[in-house]
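Please consult the sequence and the model while reading.

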Amino acid sequence: MSSAQRDLPSPPDYQGGSLANLMSSLITGLGGTPPSLPPLRLLPPDEVSSHRHVVLVVVDGLGDEFLKSQPAPFLNTHRRGAIHSVFPTTTATGVTTVLTGDAPAQHGLSGWYVHFRELGSVLAVLPGTPRHGGVGYDRVNLDLKGILGHRTLFDRIPGPTAMAAPEKIARTPYNKLHLGKASLLPFKRLEDMVNRVDTAIRGRAGARYVYAYWSELDTLGHHHGPDSPQTRDQLARVDEALARLARRLAGTDTLLVVTADHGMVDVLQRLDLSAYPEISRCLALPLCGEPRVAWAYVRHGYHEVFQQRVEAELGHACTLLPSRALLDQGWFGPGEPHPELEARIGDYALLMHPGWIIHDRIPGQNPHDMVGVHGGLDPRELYIPLARTVC
């Protein structure tokens, strides 16, 4: 197909250069069952195992290019290099890799909106709220572990572990499912996060591994833009908090690692699918995935029409590929894929060109008004920093 001839970047480097490989290094270095993925070249397992404690901080939405452009002295001083996120470059996929140690091919979560055919529903997968059909996680007697089929990373490594998470999401069904044996440490502010991590390391149990997640940078990037004054100020605050954390942990022999789940780009052009009725009527479900990488489920008998219409009407804004091609090309990582992954990426992928998003509005839903987005193939979305220091 003509639009597929547009050059695409290579898939994330799952052979030693991605977020999934970082988790492989941490699991192996912490004495866990070695995963099938190679370790991260920038942080070998031996470097992890040589320390008494390990703290991983994930700053949602912190792209490597953005970090390098900002006066963030702690993070830039300790930045070891850039690594790839996973695909799609989004929180639902990246954080699930962090919490399971699996590449997207294995954990099977393909974006913010996921079609669960076994539930007959399209859900915003982290909060578990329905976008189309069905009900949320909290409204049904649902075996979420059985449906997702995940093994949490905390149960893959020996010794005491802890998860520090913002209070507003700490006890969601998704978060509790991935908590495993770890202690849950909810917090409200950055200073609270620093205190929770310090207590977990210095407390009676002396956690071997602590994972901490900060979401506000991503939130501000969505609302104001990834290079807005609000986002730059937030990064400065995060940098100061991480410097305080390093000082608080001094003398504990803690390896402090900081990374992100994805970066972010500005929205420059928007496509509203309601303006293209001939394309919309080809769809069996609302678009799933992300506004930067959308999964299209096409009605039986409409595949050729859909392909022709998208190429003719949207080819200036996106590349259309059969979703199976991305799976075969390794975009989700190596290994045996999750049994539901192919069903969760639809028939076609709409890979949006730089600056473009696509929105498929359903009745009762407001227009997509985010200023900053992620999920796509832009280097600013794909490359995330790896910083580390020993405390």
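This is a predicted model: local features need pLDDT of at least 70, side-chain atom pairs count only at pLDDT 80 or more; totals for chains, interfaces and linings use all residues.

Among contacts in the chain between residues at least 6 apart in sequence, what percentage join residues at least 24 apart? The figure is 73%.

**Overall form**
- The chain contains 16 helices and 18 strands.
- Its radius of gyration is 20 Å, close to the 21 Å that the globule rule gives for 391 residues, and the chain is therefore as compact as a globular protein of that length.
- Along the principal axes, the C-alpha atoms fill a box of roughly 65 × 45 × 40 Å.

**Burial, surface and charge**
- Of the 391 residues of the chain, 60% count as buried.

**Helix α11**
- Helix α11 spans residues 216–224, and its buried residues are L217, D218, L220, G221 and H222.
- The cover over the buried residues of α11 includes the strands β1 (53–59), β8 (209–214) and β17 (372–373).
- Helices also contribute to the cover of these α11 residues, among them α3 (64–68) and α12 (229–248).
- After α11 comes G225, which has a positive phi, near 110 degrees.

Technical notes
Residues are numbered from 1 along each chain as its sequence is written. Side-chain values use heavy atoms; hydrogens and water are left out. Helices (H or I, at least four residues) and strands (E, at least two) are DSSP runs, numbered from the N terminus. The radius of gyration is taken over C-alpha atoms; the globule rule is 2.2 Å times the number of residues to the power 0.38. Buried means under 20% relative accessible area, exposed over 50%, partly exposed in between (1.4 Å probe, protein chains only). Contact means heavy atoms within 4.5 Å.
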